[in-house]
Amino acid sequence: MATMTVRSTYALDPETALTIRELATQWNASQAEVIRRSVRIAAGREGAPAKPKMTAAQVIDHWRNNPPPRSLEETERLIAEVRAIRHEGDELYSEKLDRFRQP
């Protein structure tokens, strides 16, 4: 963390102060860090922070209440495609190792 050298006092409306506290909770950061990040975001120096990660229970609850993004058949096709690509990589790696092992 950078060394803080400037202290400032600002008057905020209650809604802004509440929003800062809520963001601090969401981002798991201090209110001062929320203000620093927000200024960098507004200045175009940083993208908005990623959404907080969901807990396992939240993921299960989400998929229990929402349809999956693709059908079972499409999911199985994608898994097979990824496996084939991985096995191609394994074969190429083995061939390279074999070349080094030969006298």
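Colleague: What percentage of the 103 residues of the chain count as buried? After that, please turn to the salt bridges: which residues are linked in a network of them?

Modeller: This is a predicted model, in which local features need pLDDT of at least 70 and side-chain atom pairs count only at pLDDT 80 or more, while totals for chains, interfaces and linings use all residues. Residues are numbered from 1 along each chain as its sequence is written, and side-chain values use heavy atoms, with hydrogens and water left out.

On burial, 8% of the 103 residues of the chain count as buried (buried is under 20% relative accessible area, exposed over 50%, partly exposed in between, with a 1.4 Å probe and protein chains only). The chain exposes about 9600 Å², and carbon and sulfur atoms supply 56% of that area (Shrake-Rupley method, 1.4 Å probe).

Next, the layout. The chain has four helices and zero strands (DSSP runs numbered from the N terminus: H or I of at least four residues for helices, E of at least two for strands). Read from the N terminus, the order of elements is α-α-α-α.

The network of salt bridges links Glu33, Arg36, Arg37 and Arg40 (a salt bridge is a side-chain nitrogen of Lys or Arg within 4 Å of a carboxyl oxygen of Asp or Glu). In one of its contacts, the side chains of arginine 37 and glutamate 33 meet with N and O 3.1 Å apart. Both of these residues lie in H2, four residues apart, which is about one turn of the helix. Arginine 37 and glutamate 33 are both buried. For glutamate 33, the relative accessible area is 17%, so the residue counts as buried.

Glutamate 33 also meets the side chain of arginine 40 in a salt bridge, with an N to O distance of 3.5 Å. Arginine 40 has a relative accessible area of 27% and therefore counts as partly exposed. Glutamate 33 thus has a buried partner in arginine 37 and a partly exposed one in arginine 40.

The count for the model comes to five salt bridges. One of them joins arginine 77 to glutamate 81, where the closest N and O atoms are 2.8 Å apart. Both residues belong to helix H4, residues 72-101, and are four residues apart, about one turn of the helix. Arginine 77 is partly exposed because its relative accessibility is 41%. Glutamate 81 is also partly exposed, at 40%. The spacing of four residues thus occurs in H4 for this pair and in H2 for arginine 37 and glutamate 33.

Helix H1 (14-27) and H2 each supply at least two residues of the lining. The largest share, five residues, comes from H2.
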